[in-house]
Amino acid sequence: MILVNTDYISGKELEMLGMVKGSTIQSKNIGRDITQSFKTLVGGELKAYTEMMNEARALATKRMVAEAESLGADAIVNIRYASSAVMQGAAEVIAYGTAVKFTN
């Protein structure tokens, strides 16, 4: 499966199959939240949250790819990511794009 954030793939004619998406909602771990709150006092990267968001993006991408594969897609073009808070301490990460099949 080819994944790109452009609306084309060089040298390929594409048949668009439709939009595909994958998402996950992640919540903060109370222990992680406490230790990371101390980090805000001195500044710097909140590594535990960085890891959590990287894992969330990977899971959302995996789910998007599974949806595209179920349509018989060869690739997903114009991929985008978004996140939003859904409640106190929880965030949704969504990956979406256009599933395509190669015609040549």
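N78 is partly exposed, with a relative accessible area of 31%; buried means under 20% relative accessible area, exposed over 50%, and partly exposed in between, with a 1.4 Å probe and protein chains only. N78 belongs to strand β3. Its phi is positive, at about 55°, although the residue is not a glycine. Most residues other than glycine have a negative phi.

This is a predicted model, in which local features need pLDDT of at least 70 and side-chain atom pairs count only at pLDDT 80 or more, while totals for chains, interfaces and linings use all residues. Residues are numbered from 1 along each chain as its sequence is written, and side-chain values use heavy atoms, with hydrogens and water left out.

The chain holds two helices and four strands, where helices (H or I, at least four residues) and strands (E, at least two) are DSSP runs numbered from the N terminus. Along the sequence they follow the pattern β-β-α-α-β-β. Of the 104 residues, 24% count as buried.

Strands of a sheet pair through backbone hydrogen bonds, either parallel or antiparallel. Here β1 and β3 pair in the parallel sense over two bridges, and I2 has A75 in β3 as its bridge partner. Strands β3 and β4 (residues 90–102) run antiparallel and are joined by ten bridges. Y81 has its bridge partner in β4, namely A95. The hairpin of β3 and β4 has two residues between the strands, and G89 in this hairpin takes a positive phi near 85°.

Strand β3 (residues 75–87) also contains M87. M87 is exposed, with a relative accessible area of 59%. Together with I25 and V86, M87 makes a nonpolar surface patch of about 310 Å². Patches are made of residues with over 30% relative accessible area and no salt bridge; like charges are joined within 9 Å, and nonpolar side chains (Val, Leu, Ile, Met, Phe, Trp, Tyr) within 5 Å. Accessible areas come from the Shrake-Rupley method with a 1.4 Å probe, and for residues only the protein chains shown count as cover.

V20 lies in strand β2 and, at 0% relative accessibility, counts as buried. V20 and L71 are 51 residues apart in sequence and 9.3 Å apart in space, C-alpha to C-alpha.

Side chains of opposite charge can pair when their charged atoms come close. The structure holds one salt bridge, defined as a side-chain nitrogen of Lys or Arg within 4 Å of a carboxyl oxygen of Asp or Glu. The partners are K21 and E67, at 3.4 Å from N to O. K21 lies in strand β2 (residues 14–27) and E67 in helix α2 (residues 47–70), so the pair ties together parts that are 46 residues apart in sequence. K21 is partly exposed at 38% relative accessible area, and E67 is partly exposed at 25%.

Another lysine, K12, lies over the face of F102, at 4.8 Å from the ring centre. A charge sits over a ring if NZ of Lys or CZ of Arg is within 6 Å of the ring centre and within 35 degrees of the ring normal.

How values were computed. Two strands pair if DSSP finds at least two bridges between them.
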